[in-house]
Amino acid sequence: EVIGGGYMDGIQAAYDGIFLNGSYGITLSNLYIHHFGHDGIYIIYRKCPSQMDPPIGYVTCNISNCKVEYNSRTNLAWGGGRHVNVFNSEFNYAALNRVASSTFSGVDIEYENSDLDNSSGTFTDCKFLFNKFAGVICDANGQSQTTNRAFDYNFIRCRFAAGENGYTVWPNTKHMYFTDSRFYGQVVNPYNSLVNDPLGQINNT
């Protein structure tokens, strides 16, 4: 039996649940997205030669009342496109399949191969439970990526639970805030700011 394709960090099968490239004004609502060989939702922004820039103040995607689980790489991979708003959704059990590859996480915010940054996201009343590696990871600073392309994320009333050998959150970029949220497991590699931020990264948890 042959499954997918080999990568240095696991096996990836080239299919995603929902793939958004160069899109804006998208709404995903009341969906169950599960057991795909790559990502449950994959968002990037690569412009076609004839494509104009999106309008000022645009929203790439609104996600509400969705459950995204058991996908083989990441449940939500956000690689480009500004303003993703998520409400009352779950991103659980990533990479807990026969086929799995890095980042093994519920949500991976990683600027890559895109013409627009992936800044400004809000997650409200969401759950990130028992993913193989991290509930949410953004390692823009650790990967020597400019944090001017990956920043400004707010998590409000969210719940994070680490998997058996994983972490709740890996928040290594600037302006990533958690308010009235709960963490069951380790929070690792927070952003080491050179400037004092009076709000702090984690507030009222």
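Modeller: Let us begin with burial: buried means under 20% relative accessible area, exposed over 50%, and partly exposed in between, with a 1.4 Å probe and protein chains only. This is a predicted model, in which local features need pLDDT of at least 70 and side-chain atom pairs count only at pLDDT 80 or more, while totals for chains, interfaces and linings use all residues. Residues are numbered from 1 along each chain as its sequence is written, and side-chain values use heavy atoms, with hydrogens and water left out.

Colleague: Why is K127 called partly exposed?

Modeller: K127 has a relative accessible area of 30%, and the intermediate class lies between the two cut-offs, so K127 is partly exposed.

Colleague: What makes the pair of F155 and F178 stacked?

Modeller: Rings of Phe, Tyr and Trp (its six-membered ring) pair if their centres lie within 6.5 Å; planes under 30 degrees apart count as stacked, over 60 as edge-to-face and the rest as tilted. F155 and F178 stand 4.9 Å centre to centre with 15° between the planes, and the pair is stacked.

Colleague: Why is F155 called buried, and why F178?

Modeller: The relative accessible area of F155 is 0%, so F155 is buried. F178 has 1% relative accessibility and therefore counts as buried.

Colleague: How do you know that the pair of F160 and F183 is stacked?

Modeller: Their ring centres are 4.9 Å apart and their planes lie at 5°, so this pair is stacked. F160 is buried, with a relative accessible area of 0%.
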